[in-house]
Amino acid sequence: LERSGWDVTIFHYLGLDHIGHLAGPNSSLMRPKQKEMDDVVKEAYEIVAAQDRERMKRDKSAKPTLFVLLGDHAMNEIGNHGGNSQLETSTVFVFLGQGVRGQPLASLGESALSALLTTEVPQISLVPTLALLFGVPIPKNNLGMPLPELLSSYSDLERLRLLQVSAHQMFGVVRANDPTVREVTVAEAASRAGRSANCDAEDESTSAVLRCKYLRALAAHRQYAVKGSGTASKVERGYYDFMEHANEQLSRTFSGYDLGAMFTGMAIIGVATVALAVLCQCADKGGSILSTKTGELRISTPAVALLLTYLLSIWSSSLIEEEHQFWYFWTQTMLALRVVTSSATGDALRTVLQMCLFRVIRAWNQTGQKWTGEPDIRLYLNSSHTGLMWVLVAATVVVVNVAVHRLHMYVYPGPAREAIVRRLDRTPQQRHASGAMMYRRDADEYERRIVEGERARAAALYSGADTTGLRALVLAQRAFRAVVGYASFSALVYQMDRNQGWQALGISDTVWSAVRWCVPPDLAQTARLVYLCTGLALVAGVACTWLRARVGSLELSLDSREFRASVAQAAALDLLVGMMPVLLLLSRPHNIPLFAMFVAVFVLFWPQLQAVLGPRRLMIEAQGCSSIESGAGGCLGVLRPSKLAVQFCLVHASFFALGNSNSLASLDLSNAYAGVSRYSEGVVGVLMFASNWAGPLWWAVATLVTLTLDKGGISARRVIDALAAAHLWQACTLLMLSVVVTLLRTHLFIWSVFSPRYLYQVAWLVGFYVICATCGGLLWLAGLTQVS
C-alpha cells in the first residue's frame with residue numbers, strides 16, 4: 001500500500017477461515033485472530049487516508065480512495081461453509097473513505113460496527129456498485145443491483161443514468177435467457193412517455209412482463225429528463241422495480257442447460273443400472289443383499305423396501321437436507337426386525353445392545369439443516385468437558401491395540417503351534433522357560449492333555465510342522481502389532497498436540513515433552529509417520545497372510561471348541577484394525593470415540609469374536625449361537641434383514657453420525673492437509689475424502705469381514721456379488737437423482753439442495769464404491785482367496 005501508482009489493491013486474509021475449519025467459531029484462537037485483523041484494517045486504512053490527503057492536496061480534482069471491508073462467506077457452528085444457512089451467508093459490507101456518506105465511527109465507540117449493520121443487501125450487489133462507481137462495464141451476466149446508499153452523492157440525473165446502465169445490462173440477460181423478447185428502442189420509449197402501464201396485469205409471459213417494466217422505467221426517465229415531469233424518486237423506483245423482478249425470475253431460471261447431454265447421460269446411467277440389476281438377479285444365493293429371487297426373499301424384502309423408500313425421498317428437498325433421519329430410522333428398524341425375528345435369546349439381547357449403542361452414536365453429532373445447532377454430545381465434549389473427550393480418545397486408541405493383540409493371541413494360532421513344537425522336544429525346565437512363547441489358553445490345554453496321557457496325540461497334531469515358516473509368521477505378526485500400536489500412538493500424540501489435548505488433561509510440560517520425544521517434532525512429519533506405519537502394517541499383513549497360507553490350515557487348535565480364523569478371515573480382520581490409525585489421524589477429536597462404538601456394534605454381530613475380544617462374563621449365550629444367521633422361520637423369516645443389509649445401512653448412517661450432511665458446508669477441511677507441506681490437489685483431495693468418509697470406509701471393510709465370517713466362507717464370487725449389489729444401489733440413486741435434477745432444474749433449491757446432493761452422490765459412487773470397494777476389494781481378494 002505504501003508504494004505509489006496502484007489503482008486497485010485486494011488483500012485476502014485466510015487466518016480466520018483456517019481457524020474456523022480447524023476448531024470452529026468458538027475456538028480460543030478466534031478472538032486473538034479477530035483483534036489481529038482489527039489492527040491490520042486500522043493500519044491499512046490509516047495508510048490509505050494519508051495517501052488521499054497528500055494526493056488531494058496536490059491535485060484538487062483527485063478523488064478519494066474507497067476502502068471496502070467484506071467477507072466472502074461466514075461460517076456455521078462447526079466452522080464450515082458452502083450451504084445456504086443464515087450463519088453461512090450473513091457476512092459484512094463496510095464501506096470506508098472520505099467519499100462515503102455515513103455515520104462517523106468515532107461517535108459510535110466500540111459498538112460502531114454493530115450500530116452500522118442495520119441493512120441487509122445481496123452480496124452480488126457489490127459488483128454492479130463498484131463497476132458504476134469506477135466507470136467500468138458491468139459483467140454481462142450480473143444479476144445484482146446497485147446499492148442506493150453508495151449512489152446518494154450523485155445528482156439526480158447522474159444517479160438515474162447509472163441506474164439506466166445497470167437496468168440495460170440486466171435487460172440484456174433477460175433477452176439472452178429468452179430470445180423471443182424484443183429489444184426496446186428509443187422511439188418506443190418515447191411513444192410510451194407520459195402513459196402509465198399496468199405491466200403486472202398483462203396476460204403474457206414473465207419475460208413480457210419484465211420487458212414492460214423496463215420500458216415503463218425508460219419512458220418515465222425520458223419524461224423526467226426531457227420535460228421535467230415526475231420526480232427522480234419515481235423513476236428510481238421504476239428501475240429498481242424492474243431489476244428486483246428480473247433478479248427474482250432469472251435467479252430461478254438462469255442457466256445454460258444442455259438438455260441433450262443430460263438425457264444422454266441419463267440413458268447411459270440407465271443402461272448401466274439395468275446391467276447391474278441383471279448381474280444381481282443372476283447372483284448365487286447369499287451373494288446379494290438386493291436379490292429378488294424367490295429363494296432369497298427372506299433377505300431381500302427389507303432391502304427392497306429400503307431402496308423404494310429411499311428413491312421416493314430423493315424428490316423432497318427437505319428429506320435430502322435431513323437424509324440422516326432416513327438412515328437412522330432404517331438402521332434401527334433393521335435391528336428391531338432382527339430382534340423380533342430372532343430364535344435365540346442371546347442373539348436378541350445382543351441386537352438390543354446394538355440398538356442402544358447406535359442411539360448414542362446418532363446423538364453424537366446433530367446434522368442436517370433444522371437441528372444442526374441443537375445441543376449434542378459433540379458440543380458437550382468440546383465446551384466444558386474437553387478432559388473427558390481426550391480420555392475417550394485415549395481409550396479408543398487402547399481399544400484398537402487391545403483388539404489387535406487379542407485377535408493375534410486367540411484367533412490366529414500360528415505362534416502357539418510353533419511354541420508347542422519347541423516344547424515337545426525339551427525338558428520340563430526348558431518347557432517352562434519357553435512358556436512365554438505360548439499363548440495361555442493353548443498352554444493350559446497342552447498341559448491338560450499331557451496329564452491325561454494324550455502326549456502322543458498332541459505331538460501327532462504338530463508333527464512335521466514347518467517351524468521356519470512358523471517362526472517367520474511369529475515375527476510378521478509381532479511386527480504388525482508393533483507397527484499398528486506405534487501408528488495409533490503417533491496419531492494420538494498428533495491429535496493431542498494439535499488440539500492442546502494434553503493441556504486439557506492437565507499433563508505437565510515435562511511429561512508431555514517426554515511423550516513428544518517419541519515422535520517427530522513437526523506435526524506434518526508425525527502425520528507422515530502414521531501414513532508410513534500404516535503402509536508397513538499393510539506389508540506386514542500381506543506377509544502374515546502369505547505365511548499363514550504357506551504353513552497350511554490354521555484350524556489346528558488343541559481345543560476344538562475355540563474359534564480359529566481361516567486365512568481370509570485373519571487377513572480381513574487385520575485390514576479392519578490396520579486401517580484404524582489413519583482414520584484416527586484424519587478424524588476430528590470428538591469423533592474418535594465413535595470408532596470404539598463401531599467396533600462394539602460390529603463385534604456384537606459375531607458371538608465368536610465377542611468371545612475373543614470381550615471378557616467372558618459379558619458373553620450372552622455365545623456358545624449357544626451359530627456363526628450363521630439364527631433367525632426365525634416362517635413368515636417372520638421373510639422380514640429378517642441379513643447382517644449385510646444392516647451393515648449397508650451402517651455404512652451410510654456412519655457418514656452422517658460423524659457430523660456430515662448433504663450440504664457442502666459440512667465438508668471437513670481441517671484434516672485434509674495432515675502431513676501435507678505443499679499444496680497438491682490430488683493428495684488433499686484424497687485426504688479430504690478419507691477424513692469425511694472415515695466412518696463409511698471402516699464399515700465397508702467391516703462388510704468384507706462379514707463376507708469372510710458368514711456362512712460358506714469367502715470367495716471371489718461372493719465379494720463380486722456383494723459389490724455389484726452395492727453398486728446397484730448407488731446406480732439406482734444416481735439415475736433417480738439425474739431424473740430429479742433434470743425435471744426440477746428450475747426449482748428454487750436446485751443449486752442449494754439438489755445440486756450438492758448430486759455431487760455427494762458422484763463422490764459416493766466414484767470415490768467410495770468404485771475406488772475403495774471395487775479396486776481395493778477385488779485386489780485384496782485376488783491375493784487371498786481361491787476363485788470359486
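**View 1. Helices H13 and H14 cross in a left-handed manner.** A crossing is called left-handed if the near helix is turned anticlockwise from the far one by less than a right angle, and right-handed if clockwise. This is a predicted model, in which local features need pLDDT of at least 70 and side-chain atom pairs count only at pLDDT 80 or more, while totals for chains, interfaces and linings use all residues. Residues are numbered from 1 along each chain as its sequence is written, and side-chain values use heavy atoms, with hydrogens and water left out. Helices here are DSSP runs of H or I with at least four residues, numbered from the N terminus. H13 covers residues 323-340 and H14 covers residues 345-362; their axes come within 8 Å and cross at roughly 165°. The axes are lines fitted to C-alpha atoms over the stretch in contact, and angles run from 0 to 180 degrees between N-to-C directions. H13 and H14 are therefore roughly antiparallel, a label for angles over 145 degrees. Nonpolar covers Ala, Val, Leu, Ile, Met, Phe, Trp, Tyr, Cys and Pro; charged covers Asp, Glu, Lys and Arg; the others, Gly among them, are polar.

**View 2. Helix H1 packs with helix H2.** Here H1 (residues 15-23) and H2 (residues 30-58) make an angle of about 170°, and their axes are 10 Å apart. That makes H1 roughly antiparallel to H2. On the H1 side, look for Gly15, Leu16, Ile19 and Gly20; they meet Met30, Lys33, Gln34 and Met37 of H2. The residues of this contact divide into four nonpolar, three polar and one charged.

**View 3. Helix H27 is mostly covered.** Of its 12 residues, 10 are buried, meaning under 20% relative accessible area with a 1.4 Å probe and protein chains only. The buried residues include Phe595, Phe598 and Phe602, along with Pro593 and Met597. For a quick geometry check, H27 (residues 592-603) should span 16 Å at 1.5 Å a residue, and its end C-alpha atoms are 18 Å apart, which agrees. The expected span is 1.5 Å times one less than the number of residues.

**View 4. Val121 sits in a loop between helices H4 and H5.** H4 spans 112-116 and H5 spans 126-134. Val121 has a relative accessible area of 34%, so it is partly exposed, the class between 20% and 50%. Leaving aside residues up to four places away in sequence, Val121 touches Phe93 and Leu147. Val121 and Phe93 are 28 residues apart in sequence, yet their C-alpha atoms are 8.8 Å apart in space.

Key: Helices (H or I, at least four residues) and strands (E, at least two) are DSSP runs, numbered from the N terminus. Angles under 35 degrees count as roughly parallel, over 145 as roughly antiparallel, 65 to 115 as roughly perpendicular and the rest as oblique. Contact means heavy atoms within 4.5 Å.
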